[in-house]
Amino acid sequence: MPLSFLGNKFSPKKCPPRKSASLSNLNYDAEKRMAEFGINIGPIKAKLGDYVLELQEDGEWFLETDVGIGSNTREFQKLKKQFFQISEENNLLKIKVELLLDMLSERTADVHILRNENDQLKKLSVKKR
């Protein structure tokens, strides 16, 4: 016993195809892309321990917060003093190396001169015989 209102099969009308909007953002200028897609990501920040660093537009990192700096002041001063001492020691060692190279070149020149004199004396002694 079929019901009259359920007898027909359900067949909806087909919708006309939509006109596709271009999803490419290549033809947008920078301002329109910013407004349309919200590309503004904000500043880049990195948290390292108690410190928060922010990348500036010029490529330099800037310490944003002063959290924990007071507790590490002694350690910073100690490292700064150690750096100064090591750099002074490095400068002294460079001077010593330069001095040793000068001494070596002087001795090499002396040996070269003595060998030349020795060769000349040998030639003179051979000629006298």
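Me: In what order do the elements of the chain run from the N terminus on?
Reply: From the N terminus on, the order is α-β-β-β-α. Please keep in mind that this is a predicted model.

Me: And how many helices and strands is that?
Reply: The chain has two helices and three strands.

Me: Let us take the strands. How many bridges join β1 to β2, and do they run parallel or antiparallel?
Reply: Strand β1 covers residues 45-48 and strand β2 covers residues 51-55. Four bridges join them, and the two strands run antiparallel.

Me: Which residue is the bridge partner of K47 in β2?
Reply: The partner of K47 is V52.

Me: Where does β3 come in, and how many bridges pair it with β2?
Reply: Strand β3 consists of residues 61-63 and pairs with β2 over three bridges, in the antiparallel sense.

Me: Which residue takes a positive phi in the hairpin of β2 and β3?
Reply: That residue is G59, with a positive phi near 95 degrees. The hairpin of β2 and β3 has five residues between the strands.

Me: Changing topic: what share of the residues of the chain count as buried?
Reply: Of the 129 residues, 2% count as buried. Buried here means under 20% relative accessible area.

Me: What about contacts between residues 24 or more positions apart?
Reply: Such pairs account for 0% of the contacts in the chain with a separation of 6 or more.

Me: Which residues make the nonpolar surface patch of about 290 Å²?
Reply: The patch is made by V97, L101 and L104.

Me: Where is the place of V97?
Reply: V97 lies in helix α2, which spans residues 73-128.

Methods. Residues numbered from 1 in each chain as written. Predicted model: local features only at pLDDT ≥ 70, side-chain atom pairs only at ≥ 80, totals over all residues. Heavy atoms only, no water. Pairing = 2+ DSSP bridges. Buried < 20%, exposed > 50% of the residue type's maximum accessible area, 1.4 Å probe, protein only. Contact = heavy atoms within 4.5 Å. Patch = residues over 30% accessible without salt bridge, like charges linked within 9 Å, V, L, I, M, F, W, Y side chains within 5 Å. Areas by Shrake-Rupley, 256 points an atom, 1.4 Å probe, with all protein chains shown as cover. Salt bridge = Lys/Arg side-chain N within 4 Å of Asp/Glu carboxyl O.
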